[in-house]
Amino acid sequence: MNVPFSYLDRQFADIDAYLDDIRQLVLGGDFTLGAAVAEFEERFARLCDAPHAVGVGSGTDALTLPLRCAGLEPGDEVITTPMTFIATVGAIAMAGGRPVFVDSEDGFVIDPGKIEAAITPKTRAIVPVHYTGNVAAMPKIMDIAARNGLTVVEDACQAIGGRIEGMSVGSWGVAAGFSLHPLKNLNVWGDGGIVVTHSAELADKLRLYRNHGLKNRDEVVMFGPNSRLDSLQAVIGNRLIDEVDFITDRRIAIAARYDAALAELGDFVSVPERRAGVKHVFHLYVIRAQRRDELLAHLTAKGVEAKIHYPIPVHLQEAAQHLGYGRGDFPVSESDSESIITLPAHQHLTDEEVEYAVEAVRSFYLG
Amino acid sequence: MRTRDITVDIPYVDIVGQHAAIKDELLAAVAGVIDRGQFVLGEEVGEFERRFAELCGVDYAVGVNSGTDALILALQVLGIGPGDEVITAPNSFVATVSAVRLVGATPVFADVGDDYNIDPGRVAGAISGRTRAILPVHLTGRACAMDPLREIATAHGLPLIEDCAQAVLASYRGQGVGSFGAMGCFSLHPLKTLNACGDGGVLTTDDAELYEKLLYLRNLGLKTREDCIAWGHNSRLDTVQAAMVLVKLRYLEEWTAQRRANAAAYQAALADVAEVSYPLDDSVRESAYHTFVVEVEDRDGLKVYLQDCGIGTAIHYPTPIHLTTAGNELGYGSGAFPVAERQAKRILSLPVFAGLVPEQLERVCRSIRSYYH
């Protein structure tokens, strides 16, 4: 049996409807910030219980643009965690900020207890990452931000549908950036991202900023990039957005099954605590495992497409050398990056495939 | 399918007509991408890059998310940033200048000539100790005066970055634009002559080292899935867009020939209209005619009149960048670039798209004539 990590093949099982939509778009020629984008933005905002959503070119840009619009200036420090995809840090750097890292905690999100020690007079913002689809401790983070006058931009690239204390991701910070990359829970067929905000002022600014600062065809009010969600991608998003609840529920159910089965392997694997009040949407199902690399090879040989997200914490990447961090600075992230493994958990997996993956892990440790 | 009555409306551009004619090929290309399932940097991107490099006569091309990003990446890969100055023209689309500002550098303008392109005679005077690059814009699809620009750049040890956003297939002394400087930056925006069905851009270069760096800078600094060697953007040409642009490449030479024929027809038909002038073609430069821009008396009156005749026109661009709200911060005032400022009040872009038929073009010329006489 093969248990694939990517679900795209199964998304294509019935593609005629998508192709019909694309045909209509191609014939209509409404390729740039067209009706499909406006519709997708409205529906995405509703999904996040937010008044505004602004489609942009990528999840990375969905972080870069709000940071720039929040007035980040060169040299300003932005706090995040090294347990993330490098795009979080790339976005901070592209916005002109200096990334400052704080260690992660058991659930692979920033440890709120360690944030205040990292704040300096140059700190301007915090970018908590809802990594793997788990939700960072937003109430505590917002308290810290309020006490220190910091802007919060949530990295929700992996966390569409996530909630904490009943509130959607994107409800906490001044903005949240989401990714629509082809492997995300809600995906499009290329690069795409979207920013959610509760600030009408920021939404207006983002709409200008993503589109060259153009107030209309002829009037430029600020120098901005070109970072627009393509209409073509919005067309795909509009088809798939109806499925988000199904996608999320199915991923949560698969994760629950893994959690229960892996509890029996407590001597060998460690499943993060599932915090009360958090709706974890399991973009990635990640555990810590003994003899991780051997387990990965075993699963791969069995046809279970496990992955590692990621083997190198961001502060130890070559790109981060100029920041002056070294091994030992963030022990939790460093230790986790040596033991984490991601099991397939996407919405198109069958129960049988999930049981097969469970059995493959069990057989590795128990023979 | 709607029918178009050429006696009624002549649009400025006809995106719908362009795509209707090739819709089956485009859809087949999209279906091919779905079959392979590689939406990010899939094989169509590589194929497009190879074909585009060949078209421009360079060794390498790199597909990115937009023409603006092509400029940003070109500046970044050369290490241009805060404190550095980049010399360019004030009459481009704003993105040329935005790119310079977004990397933190300062745009310094040199006025343009009668051909709407940067005046090489004024570039030398704009060079300072902080100048790090010259960014000529091949506006309207006509190449800048590349020989003198290269001489200046070489004399001062400055790289040339060509803004080719409007100039696919434009040439200078038989050499394609995008092959003169360190890099050429092209746009695949839906209104361009080679257009994606969404945003897209592409860089060209002969420099293997720059090419390698551009490959990782557009892809978050990733050298492999796991090794990040520099902070970078996510700026990749979508595979789906590359697949559709590959379809259009089959037609590009034909479309460009039609634009050139349209431009030649306008030039012949409007030669004796004293109120209308336009840059003349010469033996050195072959324009791609992304736009056919004329300078006219009473521009705003003519534009309204043509609109009333059902003829769409456009202005590229009504406000020079230094006089826009965004441009205030650059500290130039009115009068700083008299040629560009005068042209901005007089220029008008006439329909020149590939599907424009002779009867339509003749009607545009007749209407212009009747406005003045």
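Predicted model: local features only at pLDDT ≥ 70, side-chain atom pairs only at ≥ 80, totals over all residues.
Two packed helices are described by the angle between their axes and the distance between the axes. Here helix α2 (residues 16–28) and helix α8 (residues 231–240) of chain A pack at an angle of about 145°, and their axes are 10 Å apart.

Which residues make the contact? From α2(A) come A:Ala17, A:Tyr18, A:Asp21, A:Ile22 and A:Leu25, while α8(A) brings in A:Ser231, A:Leu232, A:Val235, A:Ile236 and A:Arg239. Sort the residues of this contact by class and you get seven nonpolar, one polar and two charged.

Now zoom out to the whole of chain A. Chain A holds twelve helices and 13 strands. Along its principal axes, the C-alpha trace spans about 70 × 55 × 35 Å. How does the radius of gyration of chain A fit with a compact globule? For 367 residues, a compact globule would come out near 21 Å, and chain A has 21 Å, so the two agree. Of those 367 residues, 54% count as buried. There's also the matter of who touches whom along the sequence: take the contacts in chain A between residues at least 6 apart, and 70% of them join residues at least 24 apart.

Three strands of chain A line up in the order β7-β6-β11, making an open sheet with antiparallel pairing. The edge strands, β7 and β11 of chain A, each pair on one side only. Strand β6 of chain A (residues 163–164) pairs with β7(A) over two bridges, in the antiparallel sense. If you want to find one of the partners, look at A:Arg163: its bridge partner in β7(A) is A:Ser168.

Finally, chain A meets chain B. In this meeting, 50 residues of chain B are in contact with 48 residues of chain A. These are the elements of chain B that give two or more residues to the side touching chain A:

| Element of chain B | Residues |
|---|---|
| α1 | 15–21 |
| α2 | 23–36 |
| α4 | 67–77 |
| α5 | 95–102 |
| α9 | 239–270 |

Which element gives the largest share of that side? It's α2(B), with six residues. By class, the side of chain B that touches chain A has 26 nonpolar, 16 polar and eight charged residues.

Notes: Residues numbered from 1 in each chain as written. Chains lettered and ligands numbered in written order. Axes fitted to C-alpha atoms, helices over the stretch in contact; angles between N-to-C directions. Helix = DSSP H or I, 4+ residues; strand = E, 2+ residues; numbered from the N terminus. Contact = placed C-beta atoms within 7 Å. Nonpolar A, V, L, I, M, F, W, Y, C, P; charged D, E, K, R; others polar. Rg over C-alpha atoms; globule rule 2.2 N^0.38 Å. Buried ≥ 20, exposed ≤ 12 C-beta atoms within 10 Å, placed from the backbone. Pairing = 2+ DSSP bridges.
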